[in-house]
Amino acid sequence: MNSDNKKMIHLIVLSCVLFLSIIGYLTYFQIFMAAGVSQNNYNRRLWQREENTVRGTIYDRNGVVLAETLVTEDSMTRSYPFNSMYSHIVGYSHRQYGRTGAESYFNSDLMAIGNDSTVARLMERITGGPIRGNHVYLTLHHQLQQTAERLLRGKKGAIVAIDPRSGEILAMVSKPDFNPNKLSADWDKLVVNEESPLLNRGLAGMYPPGSTFKVIMSAAVLANGGIDTNYNCTGSLVVDGYTLSDLKAHGYLDLRSSLAVSCNTNFARMALELGGEAVLSMAKDFYFGKSLPGDIPIQTSRIPYNRNIEPTELAAVAIGQGKLLVTPIQMAVVAGIFANDGIMMSPRILKEVQSPEGKQLKSLAAEGNRIISPDIANEVKAMMEAVVTEGTGKNARISGVRVAGKTGTAENATGESHAWFIGFAPADAPKIAVAVILETEGRSGGVAAAPVARELMTQALKRGVLD
Amino acid sequence: MFLFRKLVLGRPITILIFINLMFFGLLFLMVGPYDRSILVAGVLLTLLMVVCYYLIIKLDMGDQYIFLIISILTSLGVAMLYRLNPVYGFRQITWFGIAAVLYFMAYFLFRWIKLWDKGIYVYIAGSILLFVVTFAFGTTVKGATNWIRIGSFNFQPAEAIKLFFIFMLAAYFKYPEKLKNTYVFLGIVYLHIILLTLQRDMGMAMLFFGVFISIYYIYQTDIKLFLYNIAAAVTIGTFSYFTMNHVRVRFDTWLNPWKDIAGRGYQITQSLFAIAAGGFFGSGLGLGTPGYIPEVHTDFIFSAICEELGIFGGIAVVLLYFIMIYRGFKITLMINEPFTKVVALGITLTYSYQTFIIIGGVIKLIPLTGVTLPFVSYGGSSLISAFVAFGILQALSKKSLEGEEFVELEQR
């Protein structure tokens, strides 16, 4: 009998292990898996919360309503008063198609998730009313968004405008777009459309930066020093047997005039003299290949090279070609760095969150970090002014305002080049930095994109708009 | 006042009264719109339990804790059922009333009749008869043909077979010579398991095998034969995975229920959503939405408990079962007579493994199979068979105390 009892102990231990494994697994599940599981779209509890919540309103910086929930007796609908004007950046919140844009980024604020305790739920149960979400104020400026949308209408591409002093996004338009009020009707067409109208090109469109990259090259040349910037452009340069050509022979150039006329051969030559490491490390300082900070998810730009980069590839990188890919918002941020004495302000779109009663719940302070020295920033800024006054960017000139910028005409796989313009104004006290890209435009950045940027900046600098 | 102090304070039954007070108080405030019937039901249930408890003490029926623990579990079950659907809650109280009577009947019958250890043929015949009846008259519920409909009542024969099986094992180990040899015995055991598998009642098949192999482990004299049994089980398991579609589905949805949430993985994912929604402290009784889980009042009641009482509540329930099992093992260890020892062990293991199988299933620790959560799930058959089993255990606890020196800490 004694040995029976000994074996019995084994069974007791087994039972202990079984019960402990339940307790252990429950705890593990709750700590590591529950958060992910409960966000599953099939979880009817999410919908139930949704149905019982009056989603908060989204405003622009001045209180213009961009998205609101209309409550009738027995239903709630999310309405977007400006239809497709904010289709990407404000996005949509739809039971069937999910959420995008600000509706997605600030969902927990809009739904007032997280500030409901058991007591709050009890209260709401007793009072019987629905939960009221918080209101979100974005940094967007309705007038500028309106202008940007008008300027891009009928075209393909993106416009991003930021305040270089704070990183606040003032306008972001991506075309083609869609009407968030008519999602159910249009959805089938939208998802198969090859022009990807659902994609926010401003944040996630990946383009070769073309000649706009030369501002970063100029910073690299100034930061490293020691190379001769003077050059006699003959219209072409042979690198390892490949010929790199310019539109024409520019003749004798220094760094300033090279940027102004956007001379490919001189920038390629200087890049080769600087070497791969210097060029790539400056690009990395400008967050190429690194994720940008800020309160919105931005596609990380691509610069898939290491220090052993081939000379032909290095020459291509110098003029923003090769395998370089970048988002429009990042190029607006790059322009902003030169506008802001070399300090990059993290791009952000949330101005503040207010409770339904109007109490401020959340507001973000501007965050900045130094990318290049003020001297180099200001030197490049002066050269960017020359681009507009005497170079390829003359179409961005605004009378009475000093404008700095850089054009780009990016070659790509389609055969039709993209037209770029990045810049800021006024150059002596910058208030707005922009990036304009017109996809497969076929014309140069100076011809097609610079006037768009000029219109937008003119509008922004009108008395009373940004103050 | 003195009487109250003597009868209530300082007795463990206080805990039960207190728990029921909170459960039914909360139900009254949160779930029913101040429905008086909830209070009546709560008082009725508690009163019934208190009376039974005093009977057990006054009649000196041995272990004082078994009934207390299963009463707390039953109360939790009734409270949850009331919250899910008052009709189930009320019916469960009725079942409890019947079960409590049968608890005492089982106690006395087991003590009065002395022939239990000689009835191996009766037990085998009883099981087979019930199986035959199930196959002949059974109705299919949830894909398993294991219900018999009598009038408006559904009865699950496997719950009774469970007890026959335990008694059969015990009788065999007392008088192994009654069966021709070990192989006849093994044949009868596997007949049970195969018949359950044919009924598609995989949970019960697993349970029967677990109980058998555990007891066999203790009494086997031939380690080789024991290992053959394990090998046989693995073979049957693998074989049924490849030949029986529903077994494969069960296994695959266990591995990845997220692949087909709307279809095959629906039950288990809804269960996981509920547990995740509850967090550590739960949404509070009546504040969650466990109604989204299919079969929430039977197999998935543990998920509802986790949603509304949190996994701390869930863990508390697991610990209650743990104490219950501990009492069972304690009784088993104190008995020396082989028949009663195996009966005690069999009952303890059955409810230990059954608890693990269903809780493990609904939290996706093991593949999900449909067995009830003892004492908590809705259902007359399972509640009654569990109370009968623990009534027998109560009798065995009394037996184990007779002739042993045993100092009870409680003052009588």
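**Exercise 1.** State how many salt bridges there are between chain A and chain B, and which residues form them.

*Solution.* The count between chain A and chain B is 1 salt bridge, meaning a side-chain nitrogen of Lys or Arg within 4 Å of a carboxyl oxygen of Asp or Glu. The partners are A:Arg45 and B:Glu307, with their closest N and O atoms 2.8 Å apart.

The model is predicted: local features need pLDDT of at least 70, side-chain atom pairs count only at pLDDT 80 or more, and totals for chains, interfaces and linings use all residues. Residues are numbered from 1 along each chain as its sequence is written, and side-chain values use heavy atoms, with hydrogens and water left out.

**Exercise 2.** Describe the extent of the interface between chain A and chain B.

*Solution.* Start with contacts (heavy atoms within 4.5 Å): 35 residues of chain A touch 52 residues of chain B. Next, take the buried area, the accessible area (1.4 Å probe) that two parts lose on being put together, summed over both. This is about 4100 Å², 73% of it on carbon and sulfur atoms.

**Exercise 3.** Identify the order of the 6-strand sheet in chain A and its edge strands.

*Solution.* Strands are DSSP runs (E, at least two residues), numbered from the N terminus, and two strands pair if DSSP finds at least two bridges between them. The open sheet of chain A has the order β4-β3-β2-β8-β16-β17, with mixed pairing. At the edges, β4 (76-79) and β17 (360-363) of chain A each have a single partner strand, so one side of each lacks a neighbour in the sheet. Within the sheet, β8 (residues 135-138) and β16 (residues 350-354) of chain A run antiparallel, joined by 4 bridges. Here A:Val136 stands opposite A:Val353.

Note on methods:
Chains are lettered from A and ligands numbered from 1 in the order in which they are written.
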